[in-house]
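Let's take a walk through this structure together. Have the sequence and the 3D view open as you read.

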Amino acid sequence: MLSFISGTGLLDNFNPLNYVSQGEYVYWWSEAYRLVLSGFWGRLIAALCLVGAFWFGVYRKMPGLGIFLFFITVTITYLGGLIKAALWWTN
Amino acid sequence: MALGKDLPPKQDGGLVIGTLGGAEKPTGLLTAISAIENYAMNERESGSVPHGFFTTQNRVSFFAVGFTGGLVSGLVAALLTPIAIGVIENYIPIFGSHEPSLYDQCFAFAVSLSFSLGYAAFISRVRGDYVGTASKSAINDLVSGLATGAVLKLIIALVGFHFMYFVVLAPQNIGPLLLKLHPLVKLPTLEWWFQWLGEFRHVFLISSYVIVLTTFLTVATPVVAIMLSVRGSRRRKMQEKKWG
């Protein structure tokens, strides 16, 4: 169905390995993981999101944004461990 | 739960409440709180509405909004509590680390409490609107609904967590269940899972009693906030009388 796209090589433009090596690509993602989901910055971002959830959800009466920030907090807090478990499982 | 005295109806016929009398039915927490603010504003302006003006349908719909919120927010907290206890007991990693610091342990606990407490704190925002018959009835029904939903959640969580501990994760049940995964999962991995689940299962027992604390805080937050607000406004009125 998408043969006309793949025939023209359009989808290949979306492949990141056309622009960077696999090693570099994996390094970027592990750096992103290290920055956002673990260590000091992960803890800081999660704490700010939790405070923001209360600030916007309760104080500023914006419950939608509060719930969104709360779920970001939960994601940052536990996704690192989940990814580690998944990597352990696949190895 | 009559925490304060009703405002006397004014004699000038200046009642301006237009949305009462069963016409408006709150569909969610935001509409319920908006309606309460509306009732309170009108009752401050025009005095308390007569008893019975706040219909049974109104009462049930405010109760339903509180009930749904109490149940749903409580279930989110109930899901996060075993994870938080798992972090504290070093079974579950937090921020990708298996060795949580004191900050991490407190943070996990705070996250598990936050949703329920945030919901209760949001409801507590109506504490300043506890002024007339309609607004008091609406707030009382909303908070009673929240309390009922929270207690139902507590019962569900207590039964569910004990079921997990005594039935689902009991060694004699979890062993055969894990063995069914054998072709898909290697035996050493299954053995590790069996050991981990065997040690982790007591977390559910601890969680079922931590949930009691969460429920208490969820119910106490709006009740205490309203009581303090009513006491504060009484004191203010007494002071105003004293000063003439």
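Start where the two chains meet: in this predicted model, 20 residues of chain A are in contact with 17 residues of chain B. On the chain A side, the elements that give two or more residues are α3 (39-59) and α4 (63-90). Of these, α4(A) provides the largest share, with 10 residues.

Next, look for the largest nonpolar core, which has 63 residues. Both chains take part: α3 and α4 of chain A each supply at least two residues, and so do α1 (29-46), α2 (56-88), α3 (102-124), α4 (133-168) and α7 (202-242) of chain B. The members that touch the most other members are I36(B), I123(B), A138(B), I139(B) and L142(B). Pick out I139(B) from that group: setting aside neighbours within four places in sequence, I139(B) is in contact with I36(B), V126(B), D129(B), Y130(B) and I226(B).

Finally, turn to a pair of helices in chain B. How do α2(B) and α7(B) cross? Their axes come within 9 Å and cross at roughly 140°. An angle over 145 degrees would count as roughly antiparallel, so α2(B) and α7(B) are oblique to each other. Their crossing is right-handed.

To see the contact itself, find G70(B), G74(B) and A77(B), which are among the α2(B) residues that meet α7(B). From α7(B), the partners include V203(B), F204(B) and I206(B). Across this helix contact there are 9 nonpolar residues, 8 polar ones and no charged ones.

Methods:
Residues numbered from 1 in each chain as written. Chains lettered and ligands numbered in written order. Predicted model: local features only at pLDDT ≥ 70, side-chain atom pairs only at ≥ 80, totals over all residues. Contact = placed C-beta atoms within 7 Å. Helix = DSSP H or I, 4+ residues; strand = E, 2+ residues; numbered from the N terminus. Core = buried A, V, L, I, M, F, W, Y, C linked by C-beta atoms within 7 Å. Buried ≥ 20, exposed ≤ 12 C-beta atoms within 10 Å, placed from the backbone. Axes fitted to C-alpha atoms, helices over the stretch in contact; angles between N-to-C directions. Parallel < 35°, antiparallel > 145°, perpendicular 65-115°, else oblique. Left-handed = near helix turned anticlockwise from the far one by under 90°. Nonpolar A, V, L, I, M, F, W, Y, C, P; charged D, E, K, R; others polar.
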